[in-house]
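Welcome, and thank you for taking a look at this structure. Let us walk through it together, one place at a time.

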4 protein chains.
Amino acid sequence: MSGNTFGTLFRITTWGESHGAAVGVVVDGCPAGLLLDESDIQEELDRRRPGQSNITTPRKEEDKAQILSGVFSGKTTGAPISILVRNKDVDSSKYEALRNTPRPGHADLTYEQKYGFRDWRGGGRSSARETIGRVAAGAIAKKILRINGIEVLGHVVELGGIRAKEANVEQIRSNTEKNPVRCADPEAALKMEAMIHAARSEGDSIGGIVEILCVGVPAGVGEPVFDKLNAQLAHGLMSIVAVKSVEIGIGAKCSLMKGSQMNDPIKMHDGKPGALTNNAGGILGGISNGEPIICRIAVKPTPSISKEQSTVDLAEMKDTRIKITGRHDPTIPPRIVPVAEAMVALVLVDMIMRGGFLKTSSLG
Amino acid sequence: MSGNTFGTLFRITTWGESHGAAVGVVVDGCPAGLLLDESDIQEELDRRRPGQSNITTPRKEEDKAQILSGVFSGKTTGAPISILVRNKDVDSSKYEALRNTPRPGHADLTYEQKYGFRDWRGGGRSSARETIGRVAAGAIAKKILRINGIEVLGHVVELGGIRAKEANVEQIRSNTEKNPVRCADPEAALKMEAMIHAARSEGDSIGGIVEILCVGVPAGVGEPVFDKLNAQLAHGLMSIVAVKSVEIGIGAKCSLMKGSQMNDPIKMHDGKPGALTNNAGGILGGISNGEPIICRIAVKPTPSISKEQSTVDLAEMKDTRIKITGRHDPTIPPRIVPVAEAMVALVLVDMIMRGGFLKTSSLG
Amino acid sequence: MSGNTFGTLFRITTWGESHGAAVGVVVDGCPAGLLLDESDIQEELDRRRPGQSNITTPRKEEDKAQILSGVFSGKTTGAPISILVRNKDVDSSKYEALRNTPRPGHADLTYEQKYGFRDWRGGGRSSARETIGRVAAGAIAKKILRINGIEVLGHVVELGGIRAKEANVEQIRSNTEKNPVRCADPEAALKMEAMIHAARSEGDSIGGIVEILCVGVPAGVGEPVFDKLNAQLAHGLMSIVAVKSVEIGIGAKCSLMKGSQMNDPIKMHDGKPGALTNNAGGILGGISNGEPIICRIAVKPTPSISKEQSTVDLAEMKDTRIKITGRHDPTIPPRIVPVAEAMVALVLVDMIMRGGFLKTSSLG
Amino acid sequence: MSGNTFGTLFRITTWGESHGAAVGVVVDGCPAGLLLDESDIQEELDRRRPGQSNITTPRKEEDKAQILSGVFSGKTTGAPISILVRNKDVDSSKYEALRNTPRPGHADLTYEQKYGFRDWRGGGRSSARETIGRVAAGAIAKKILRINGIEVLGHVVELGGIRAKEANVEQIRSNTEKNPVRCADPEAALKMEAMIHAARSEGDSIGGIVEILCVGVPAGVGEPVFDKLNAQLAHGLMSIVAVKSVEIGIGAKCSLMKGSQMNDPIKMHDGKPGALTNNAGGILGGISNGEPIICRIAVKPTPSISKEQSTVDLAEMKDTRIKITGRHDPTIPPRIVPVAEAMVALVLVDMIMRGGFLKTSSLG
């Protein structure tokens, strides 16, 4: 029980259902003196918000963030920061029909199995709308990281089988937000968009891969042996809806390499030891080594599709078929980018605080 | 700081260095009344122990487990169980030379960066020897799981690029422990062994992939939204040395699938809802659905290789070269199997307890 | 950092400042299926609310609870329950003058010392208004306890030196809420009221002692050696503003007793072992023994008094004098009763869940 | 379950039974670079050890501490520190008779009620011998505190009704360890000794009060609203066997005071705000204010007395009588002093680390 809190020193607790009154988050452990207002939160929520382009669900949500506590005279006080976002464009009528027919690929059945009954309106707590709290809290984490010289950059590297060309940090930084798929390779982005439209027209959906890059993380972050930085990142990223794998650095490809290929040679660089390559993804023995941190997540295709599917009728306990109408994204990766960035930022701030080397001198 | 504890209700704390006096674990939260003696622990330690075959390091460790507390009259009392394993075959002399030259692919440099200095004998705390505590604790977790009708089965599915044929539960159960690579496909196992010997003769090492299967887990295990079962598994598995990716179910391949392929159709089965396929790997929305739970980890090639490598001299802060001699496994996956099983078992027991449905009636 | 969460399995996170937009709490870990609506919360908030009688502050707060999540169709869903109470009768003007002059006996100076600056409006986060979140969450805890046959009863046993006669459970249950001081001894209650009025007329305030009794707690609750039931109760109760001591059972008087007087003789009672006396207060070795649990807290006199006091001017760093006007309770114990009950109820639910014996069968 | 861990960043896990093979503790989160060897631990264990004088149990334990991990080249490495103390002078034969007859005032019955059976040898896990782990860990905490300019001083202020004269820090520091009762008032100490001998000769035992003073704690330590410094101290102190009340500052006496008496006037002192009196005991709003921190605990008389007492026979479920022979302290306060100091030191280090202002620059 009670799995809605994340982090040790920088700790968030999210709450809220898709079609309830509101969703929100309480951020506890934010250092006092950080300049913060609602626009800081809003900026990230706007990146996550549906209805931004023709590749997302047409659900129209303003997702206006209200800060209810923890900020005074424009600065954080050290008290918990409560952020609330009202649910506006709620239409539960379409879900009425799904009340007794769990949607394949969704958590409808498992919530029913675990809790005995469920809020069936829009997926209830299991909806991706839950991630609003994560993104709102992540906005604060990102602001703290920026002050510490750390940047967290997410981008789509594969979608519907289309693979983006490798991009350097500069390209990721400048290209990603320029196309609706959030891909740093503009050509691949066009093909990905085409894939999305094709899938939608078939009443289907597609999956993809998102990479998150962290630049500027100092060496020494991570707490062996269980709270290794990679372990915490894996925990945070795998807790996002639709994520089925988490990789660090070269990731699963390491299985095909020899030690002599995998090991990153150590070389002096600017007067201190550095790595010539970064197969490790910036983490060795669970501790950051000063190189960029690289994470990759595989995101399954949206389970809500309009094609007819097999399911059961829970009231009558017999097989049946469903066709999901409602409003849905035909693909998740572009919208998961700010959520994944948020989780990575939350992990980093917490682990930097646990390591005892958060710079707070210039927070205000 | 303080990252050496894992779990909430069934909680373990490991300690110990490779060449220190001993390694060990304290298991807190084990229900009272479980029949337990040292042979239960020893059995799993023996599976992990080096020197079992010609594909592992020749370091000869008895790894004898002593239970120092928490057991009385052959049964657990509810008090913490302290398990100690003395380090015997310790030879630090080979490491003396590596004192100032961090080994590429190891945590030598990051420990130095984080803590300012390090126990350089055999990798100190960052050594894989640390996993003894996990395996010892996992042996208790597995015993509890068995009483609850749950089995955790690890096996090597890929090594040095050799992929095993798909195996069913029965094959995994009966074949895996019959060959030194712990592969359920006997033919592939032979090829894998050959790969290992080839790599060793080149002074190199190889990586691979391990799968862990959990059979008999009831529906309802997992605590959304952050302590989802998959998130906890990812945390536990990614915290093991050398693991670079964690997948659940179909894993990263989901990125290439359409929703209509990925979604597991729901069908009545034996009077209750079941899944026709198991792409989800037994977990939806972070909660188990009663199907087998499937995890896969990619394990990097052993970083200790005898080929010469680039590194730096920390005393003189200049580039240098090293050749690692010592005794090392040319590949990790076969030996990681019991460790991965242990971590999965520890997650399962803890999450089952958190969910409030551990059966303890027939512990004794 | 991040000290605003309490509990392990039944876990609450409170937030909000005295003169901010709102105060609230997120309750995580409440079992699914509990019948719950806002009136359950309101009932307890009304007991805590100011302005109920002429012995409390005239601040007029409706303290209307809104449940924003975690409840569907009148029942808890297992998702976190977010409760919000808007601050209404906020008048910060009186505090403007206290901005640089920390009030003696208050946390003004320590907040300034810890966080570098503070929300000076009405005490900000350090205000007793923070306890609204505790009482709201405690209302849920109490409801769960009632289903488990457990009752938590707080009452004032001493105020301004007036000591109430000893009362049995029946008297506490029926008399306490009949007088504004919440004393089970009606005669003492009258004298206490007189003391309050006298103190107020002098511009002063008085302290007192509150007892909390828990009836129906089964044997076996408490987790040695650090999370003993008494240790958790002490933690929870001492975290309430103005509490300066916590006692269990006979409490501090044990120091004057001999072992032969202190030890409660064990006797068969209704076919099982019981205690003839209850000096232990229902807890031995940190575990409940089935007897009523007895806690007592000493509550200091309200620090806000209208008498002139010495303090410093933080802007000019020199000595000065203040006279606190504003609206204040002349004594805290009567209003702390529901808060103390809430903390005890929260501890009990959490520890009962940790012990694995919460009855949830008849929650709905 | 799993209540044997204490602390968040500086975290200890204790284990072991009175008559088992050993007792011990794992200290996780100790900063790297602290000079530490076994004599640091031994010094504190020797203060706790039985058999030091004629007022303690004649059980002869060497209580030799072994450090098994986390220390290399005389310095802590940042890895967990495992400390082990073998049980030597174990004689379980006397307890055989008590197997089915729970001792009044002890945890025998509650352990039986909670766990279904118990290690009856010498009280098993519920024995005060469990505190060895606390004292060993506390020795490390104290060493860190000293480097941070903080001193923790415990002393007996009342025993068997004899009250010591008030003592200043200098007297406590120099007098306490000079008499076996650990009282800073030498005259009172003699009377207390006489009381102990009288009680023993009657086959009885006496209780008392211990005060713990912390000098040098900086302002700003403590994490509102639940992890206030006083709340953590209450938790830690109340978790010690035989403690029935915890007070901060003036403590329970505050109930008899007026606000104008209780409030400590604020005055400029050495250029910064200070307090003229210290009724608050160095903590306001849960945060240290820079004044000495004062805690007081009431300790019940030793429950093991040789006078005959009523109990039950658990095998036959009928009333019976027992006479406890064995070896017992006639009073606990003198021996609890180092334990209480340890708990206070552990809380302080952890909370200072959580607050982010541990000085580690001169650890080595």
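A salt bridge, as the term is used here, is a side-chain nitrogen of Lys or Arg within 4 Å of a carboxyl oxygen of Asp or Glu. Please keep in mind that this is a predicted model. Arg47(D) counts as buried because its relative accessibility is 15%, where buried means under 20%. Glu177(D), at 43% relative accessibility, counts as partly exposed.

Another salt bridge of chain D joins the side chains of Arg118(D) and Asp108(D), at 3.8 Å from N to O. Arg118(D) lies in the loop between helix 3 (108-115) and helix 4 (131-147) of chain D, and Asp108(D) lies in helix 3, so the pair ties together parts that are ten residues apart in sequence. Both Arg118(D) and Asp108(D) are buried.

Salt bridges can also be linked to one another. In chain A, a network of them connects Glu44(A), Arg47(A), Lys142(A), Glu177(A), Arg182(A) and Glu341(A). How many salt bridges does the rule count over all chains? The count comes to 120.

Some of these pairs reach from one chain to another. The side chains of Lys267(D) and Asp319(C) meet in a salt bridge of 3.9 Å, N to O. Lys267(D) is in strand 12 (residues 266-269) of chain D and Asp319(C) is in strand 18 (residues 318-322) of chain C, so the pair joins two chains. Lys267(D) is partly exposed, with a relative accessible area of 29%, and Asp319(C) is partly exposed too, with 35%.

Chains C and D also come together in a sheet. Ten strands form an open sheet with antiparallel pairing, in the order 9(C)-8(C)-10(C)-16(C)-11(C)-11(D)-16(D)-10(D)-8(D)-9(D). Strand 9 (162-163) of chain C and strand 9 (162-163) of chain D stand at the edges; each has a single partner strand, so one side of each is left without a neighbour in the sheet. Where the order passes from chain C to chain D, strand 11 (residues 243-248) of chain C pairs with strand 11 (residues 243-248) of chain D in the antiparallel sense, over three bridges. One detail to look for is Glu247(C), whose bridge partner in strand 11 of chain D is Ser245(D).

Now turn to chains A and B. Strand 11 (residues 243-248) of chain A and strand 11 (residues 243-248) of chain B form an antiparallel pair over three bridges. Here Ser245(A) has Glu247(B), in strand 11 of chain B, as its bridge partner.

How much area is buried between chain B and chain A? It is about 7800 Å², and carbon and sulfur atoms give 60% of it. In chain B, the residues that lose the most area to chain A are Phe226(B), Lys244(B) and Ile266(B), together 11% of what that side buries. The contact takes in 102 residues from chain B and 102 residues from chain A. Between the two chains there are 54 residue pairs in polar contact. The side of chain B that touches chain A has 45 nonpolar, 36 polar and 21 charged residues. Six salt bridges cross this interface, and one salt bridge brings together the side chains of Lys258(A) and Glu202(B), at 3.2 Å from N to O.

Let us finish with two residues inside single chains. Lys143(C) lies in helix 4 (residues 131-147) of chain C. Is this residue buried or exposed? Lys143(C) is buried, with a relative accessible area of 17%. Its side chain reaches the backbone oxygen of Leu35(C) at 2.7 Å. Leaving aside neighbours within four places in sequence, Lys143(C) is in contact with Leu34(C), Leu35(C), Leu36(C) and Asp40(C).

Finally, Ala345(D) is found in helix 9 (residues 333-355) of chain D, and it counts as buried because its relative accessibility is 0%. Beyond its neighbours within four places in sequence, Ala345(D) is in contact with Gly138(D), Ala141(D), Lys142(D), Leu145(D) and Val152(D). Ala345(D) and Glu151(D) are 194 residues apart in sequence, yet 8.7 Å apart in space, C-alpha to C-alpha.

Conventions. Residues are numbered from 1 along each chain as its sequence is written. Chains are lettered from A and ligands numbered from 1 in the order in which they are written. This is a predicted model: local features need pLDDT of at least 70, side-chain atom pairs count only at pLDDT 80 or more; totals for chains, interfaces and linings use all residues. Side-chain values use heavy atoms; hydrogens and water are left out. Contact means heavy atoms within 4.5 Å. Buried area is the accessible area (1.4 Å probe) that two parts lose on being put together, summed over both. A polar contact is a pair of N or O atoms within 3.5 Å; within protein, one must be able to donate a hydrogen and the other to accept it, and residues adjacent in sequence count only if both atoms are side-chain atoms. Ala, Val, Leu, Ile, Met, Phe, Trp, Tyr, Cys and Pro count as nonpolar, Asp, Glu, Lys and Arg as charged, and the others, Gly among them, as polar. Two strands pair if DSSP finds at least two bridges between them. Helices (H or I, at least four residues) and strands (E, at least two) are DSSP runs, numbered from the N terminus. Buried means under 20% relative accessible area, exposed over 50%, partly exposed in between (1.4 Å probe, protein chains only).
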